[in-house]
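Hi everyone, thanks for coming. Let me put today's model up on the screen, and then we'll walk through a few parts of it together.

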Amino acid sequence: MPSSQDDICMLALLTPGQLAVARAPSTASAASAGSEPIAPIASFSPADVSVWPCLQVAELGRVLKQAWQALGLTAGRAPRHLALAIAGSVQGDTVLFTQSGERLSVEALRLGLQLDTLLVVNDFTALAMALPHLAESDSIALGDGVAQPGGVIGLIGPGEGLGVSGLIPAEDRRITLGSEGGHISFAPSDETELRILQAAWRQWPHVSAERLVSAEGLRFIWQVLGDGLASAPAPSAAAIIEQAHRFAAQGLAPAAAQGETRGDLARSAEAVAVFGRMLGTVTADTALMLGALGGVYLGGELVPRLGGLLAASGFRARFEAKGRFSSYLAQVPTRLITAPHPVFAGLGVLLAHHLRSGAVPVAQDGALLARIRGLRDELSRAEQRVADHLLAHPRAFMNEPVAEIARQAEVSQPTVIRFCRSLGFEGLSDFKLKLASGLTGTIPLRHSQVMVDDAAPDLSAKVLDNTVSAIVAMRDGLNGQAIERAIALLRQARRVEFHGVGNSHIVAVDGQYKFLRFGIPAMAHADSALQAMAADLLGPGDVVVAVSRSGAMPELLVSVGKALKAGAAVVAITASDSPLAREATVTLAVDHVEGRTEQLSMVSRVLHLLMIDVLAVGVAMNRPGPLKSPFGLREDAASWISHAR
């Protein structure tokens, strides 16, 4: 869609109980048609974000409108694009909120808010995308370790749940990792944690890391460390952390507390310390699973509240306590994110990419190639090589398999797929579909091999796709001059003989029926002996239409030779490099290779029939005078071409 200063982009983060909203900072962009939409940038100040209570998912639309009105975005200046981060999973059009179990339709929300774009992503996906944009002052180091340039970066964050994600290097860019790593089984590392785990086993059949390393997990730990689960309900996680901070401010360690300080403050301090060490264990597991030599960041709602309590808890010592892999983990840095609203930086990047990818309707002729030229400099160096190969050979690109595209562009096969996804497509097949729509106005040229174990829907789709793709290929390769010459010969012919054997005889008979309607004597011969005898009776002004997929049948070549010797013209519908093509007066090339010999000439037969149609329509439109119908009626060419009878 064209860019405009009115393309207002909004970002929002929905967490349990509240909604944070910000207008995306944007780069000014010309409003010329075809230019890119305004691109949100990844820099925010706390003043950019406003927080609104949102107790239920059903209130989301109303609260968003309320927030926009407070920002002065009324009907005339309503937002057009929104990126929304949620604590849950996005499955197609359905958003599932992990904690509440509520569901939301993305399209219904988009229509209700009258948005052009609604991008909904997991909050940890957005946070992971923000990591490269964080300044050093936006996080603090927990222990030693030096990040390996280009290494995998891990991300973990306890809140209402336990989010786990990461950034995976892919040549000169990174890909966010979708993960449910918070649901790995929890493993205790000391007697206190074993006691907590045993209490959890009495509550749940499976105790995941998220059960204990989360806001509810901290409350559970607090209860177990006191009088057990039968005691009074635990305070909120925020209250427990606040009490732990107050206890630390008194300069007392939990084990040394005496007298009246030995109470909720000490209990909260001990709970936070146990929680911090558990988090160290899970963070180390994440680092090992991902090979996160680029470091592990800690984010989410809960951890930033801990501040110095996390370092004092023994988090880093537990992180490195992995036996044989202690030295490995000692090299991995861990950093606590302290920046306010860091998710918005990642949301801005994701929304900018989404808008850039969908900026131009790809159905417009040439629009996709024009967009690729405009975006080339924003792609990675490897993807630029794919773009250059595509721009130089767009039609070949549609037909080449991924391995050949990668070889021609001198990149890996995953880079070709990544190039397509960078432009907003699901993969190479989806990209070829849109590319062909722009180049030919129709569907892509592709061939899918029919397999023995294909189900009926797959088999049907492959047969139809293969046929339609072959038709498009034939259309794009038509030789207009050859067709004009063939039509001219047939329009003036005294007699037309159609020669074809086997499958090709069906095409010959179809041609006979069509040309008899023009009042032109026409005959179709399937027997090679009859073809040869009929050819001997031809003379100047007569035409033989020889149909053959291979163009190499000796008997057919004999009859064609006899016809030419007698002075007749030969129009061949066959492969361009065949012996028949070399002998014919005019060749209408149909170059199609069948996928399996046992399927016979299925697609070729359709192509040959279509070529007969092209010739018949050309003769009908140019033949002077009315035509004879099979019923002895007079009708004009236009009504005949309609095939109404």
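β19 is joined to strand β18, residues 569-574, by four bridges, and the two run parallel. Strands here are DSSP runs of E with at least two residues, helices are runs of H or I with at least four, and both are numbered from the N terminus.

A word on the source: this is a predicted model, where local features need pLDDT of at least 70 and side-chain atom pairs count only at pLDDT 80 or more, while totals for chains, interfaces and linings use all residues. Residues are numbered from 1 along each chain as its sequence is written, and side-chain values use heavy atoms, leaving out hydrogens and water.

Zooming out, the order in this open, parallel sheet of five strands is β16-β15-β17-β18-β19. Its edges are β16 (522-525) and β19 (586-589), each pairing on one side only; pairing takes at least two DSSP bridges between two strands.

Now, how do helices α15 and α17 cross? The axes of α15 (residues 381-392) and α17 (residues 402-409) come within 9 Å and cross at roughly 105°. Axes are lines fitted to C-alpha atoms, for helices over the stretch in contact, with angles from 0 to 180 degrees between N-to-C directions. So α15 is roughly perpendicular to α17, a label for 65 to 115 degrees. R385, V386 and H389 of α15 meet I405, Q408 and A409 of α17, contact being heavy atoms within 4.5 Å.

Terms used:
Parallel < 35°, antiparallel > 145°, perpendicular 65-115°, else oblique.
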